[in-house]
Amino acid sequence: MENPEITIRLTPDEALVLSDWLEQVQMTDLSHLVDDAAVWAPLHRIAGTLDKSLPGIFATDYAERLDAARRRLRPAPDDDTDDHEGSDT
């Protein structure tokens, strides 16, 4: 029997950056990006799970933490490979 749920693993940096992006998507009229109402249910579930898993989103230094996570996730300027495609994280 197949597992009825899918598990996605993220690093803390990936989770923080994704959580922030999902928050922006939810608070902005991006119907041109998310044109299928069925997509909102999993997006809200992912965002809610991230919010519960990331106590740092309520920290006073949240902006600094988010900026640091973004810097760590961005490829180096001289790195022309895409390490994120095909990654099992």
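# Helices and salt bridges in a predicted chain

User: What do the side chains of D13 and R72 do?
Analyst: The side chains of D13 and R72 meet in a salt bridge, at 2.6 Å from N to O. A salt bridge here is a side-chain nitrogen of Lys or Arg within 4 Å of a carboxyl oxygen of Asp or Glu.

User: Which helices do D13 and R72 lie in?
Analyst: D13 is in helix α1 and R72 in helix α3, so the pair ties together parts 59 residues apart in sequence.

User: Where do these numbers come from?
Analyst: This is a predicted model, in which local features need pLDDT of at least 70 and side-chain atom pairs count only at pLDDT 80 or more, while totals for chains, interfaces and linings use all residues. Residues are numbered from 1 along each chain as its sequence is written, and side-chain values use heavy atoms, with hydrogens and water left out.

User: Back to the pair. Is D13 buried or exposed?
Analyst: D13 counts as buried, at 16% relative accessibility. R72 is exposed, with a relative accessible area of 54%. Buried means under 20% relative accessible area, exposed means over 50%, and partly exposed is in between (1.4 Å probe, protein chains only).

User: How many salt bridges are there by this rule?
Analyst: The count comes to four salt bridges. One of them joins E5 and R45, at 3.7 Å from N to O. That pair links distant parts of the chain, with E5 in the segment before α1 and R45 in helix α2, 40 residues apart. R45 is exposed, with a relative accessible area of 58%.

User: What does D61 form a salt bridge with?
Analyst: D61 pairs with R65, and their closest N and O atoms are 2.8 Å apart. D61 counts as partly exposed at 32% relative accessibility, and R65 counts as partly exposed at 39%.

User: Why do such side chains pair at all?
Analyst: In general, side chains of opposite charge can pair when their charged atoms come close.

User: Different topic. How many helices and strands are in the chain?
Analyst: The chain has three helices and zero strands. From the N terminus on, the elements run α-α-α. Helices (H or I, at least four residues) and strands (E, at least two) are DSSP runs, numbered from the N terminus.

User: What about α2, how many residues does it have?
Analyst: Helix α2 covers residues 40-53, which is 14 residues. From its first C-alpha to its last α2 reaches 20 Å, close to the 20 Å expected at 1.5 Å a residue. The expected span is 1.5 Å times one less than the number of residues in the helix.

User: Which residues of α2 are buried?
Analyst: L43, A47 and L50 are buried in α2. They cover an arc of only 65 degrees around the axis, which puts them on the same side of α2. The arc is that of the directions from the helix axis to the C-beta atoms. On the other side of α2, A41, R45 and K52 are exposed.

User: And what do the buried ones pack against?
Analyst: The buried residues of α2 pack against α1, residues 12-27.

User: What is in contact with S19, leaving aside its neighbours within four places in sequence?
Analyst: With those neighbours left aside, S19 is in contact with L50, D51, L54 and I57. Contact means heavy atoms within 4.5 Å. S19 has its place in helix α1 and is buried, with a relative accessible area of 6%. S19 and D51 are 32 residues apart in sequence and 7.0 Å apart in space, C-alpha to C-alpha.

User: Now α3. Which residues are buried there?
Analyst: Helix α3 (residues 62-73) has Y62, L66, A68 and A69 buried. They cover an arc of only 165 degrees around the axis, which puts them on the same side of α3. E64 and R71 are exposed on the other side of α3. What covers the buried residues of α3 includes α1.

User: How much of the chain is buried overall?
Analyst: Buried residues make up 22% of the 89 residues in the chain.
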